[in-house]
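Hi everyone, thanks for coming. Please have a look at the model on the screen, and then I'll walk you through it piece by piece.

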Amino acid sequence: MFDFDNDSSSKEKAQEYLKKGHELKSNGAMDAALTEYRRAVLADPSLFAAHLEIGLLCKVKANNDRRFLRYAFEAFRNASRLDLNHEQAHIQYITAGQQLGLLDELHHEYRELCKKYPENELLKRCCKNIVTLCLALIPDKVNLDSGGGEAGMRRFILILSIGLFLLGAAMIFGPPLVNQIFRKIVIAKEQLSTFVTVGLLCLGVSMIGVFIRSRIK
């Protein structure tokens, strides 16, 4: 048999804790108020107001300790399930879920609720809002300036230009230097002309690369 007297007593006790929590909160004793609200939900888990107050207080405490964001999320979830027509509870629940990166889970959850309660317009709006939030997280385009394709291209052109410059300088000044060091014709005059031509070509391409790089924003 159910003990209705005991159930009634628990609900009355929960209301007392809730009232005391409100008084402490109004006096600025937030931690003490949170304790009373928790006592209230332990006495009566169906007490909507206590769950909502726990969520609101934990949300504030999450500014200094992120662990409380999870507690706020769970409290808002309990509140939103106890009163499917309470808009603030749903808004707070979805906002906390967004901050925790749980939008996909929330979307699935609200779709199921919409199927279960097809006449509830608030649930439908919440589901649409979650979809909007998900879409807002998808960037319109990739920011190429911050480590993207254009930044990579600039680095590639710079390295290539420096390499071609060094190669061109080596082709122009290297062979004559070799002949001078060995004090004999190691590299023929005809070959020197070829080296100089290739070297000048490398230097020219290097300069073109520098110019192209300067045009990439």
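Let's begin in helix 4, where F68, L69, A72, F73, A75, F76, A79 and S80 are buried. Buried here means under 20% relative accessible area, while exposed means over 50% and partly exposed is in between, with a 1.4 Å probe and protein chains only. Helices are DSSP runs of H or I with at least four residues, strands are runs of E with at least two, and both are numbered from the N terminus.

Before we go on, a word on where this comes from. This is a predicted model, so local features need pLDDT of at least 70 and side-chain atom pairs count only at pLDDT 80 or more, while totals for chains, interfaces and linings use all residues. Residues are numbered from 1 along each chain as its sequence is written, and side-chain values use heavy atoms, with hydrogens and water left out.

How confident is the predictor? pLDDT is its confidence in each residue, from 0 to 100. The chain has a mean pLDDT of 83, and 81% of its residues reach 70 or more. Over residues 140-147, though, the pLDDT is below 50, and this stretch has 7 contacts in the model beyond near neighbours in sequence. A contact means heavy atoms within 4.5 Å. Where pLDDT is low, the predicted coordinates should not be read in detail.

Now the overall picture. The chain has 9 helices and 0 strands. Of its 217 residues, 30% count as buried.

Back to helix 4, then. What covers its buried residues? The cover includes helix 2 (30-43), helix 3, helix 5 and helix 6. Helix 4 covers residues 67-82, and its end C-alpha atoms are 24 Å apart, which agrees with the 22 Å that its 16 residues should span at 1.5 Å a residue. That expected span is 1.5 Å times one less than the number of residues.

Helix 3 (residues 48-61) is one of the helices in that cover. Since 10 of its 14 residues are buried, helix 3 is largely enclosed by the rest of the structure. Leaving out residues up to four places away in sequence, H51 touches V41, P45, A75, N78, A79 and L82.

Next, the rings. A search of the whole structure finds 3 aromatic pairs. Rings of Phe, Tyr and Trp (its six-membered ring) pair if their centres lie within 6.5 Å; planes under 30 degrees apart count as stacked, over 60 as edge-to-face and the rest as tilted. Y93 and Y110 make a tilted pair, 6.2 Å centre to centre with 40° between the planes. Y93 lies in helix 5 (residues 87-99) and Y110 in helix 6 (residues 103-116), so the pair ties together parts that are 17 residues apart in sequence. Both tyrosines, Y93 and Y110, are buried, and together with F73 they form one aromatic cluster.

Last stop: L123, in helix 7 (residues 121-136). Is L123 buried or exposed? L123 is buried, with a relative accessible area of 0%. Among the residues L123 touches are H90 and Y110.

Definitions and conventions
pLDDT = per-residue confidence, 0-100.
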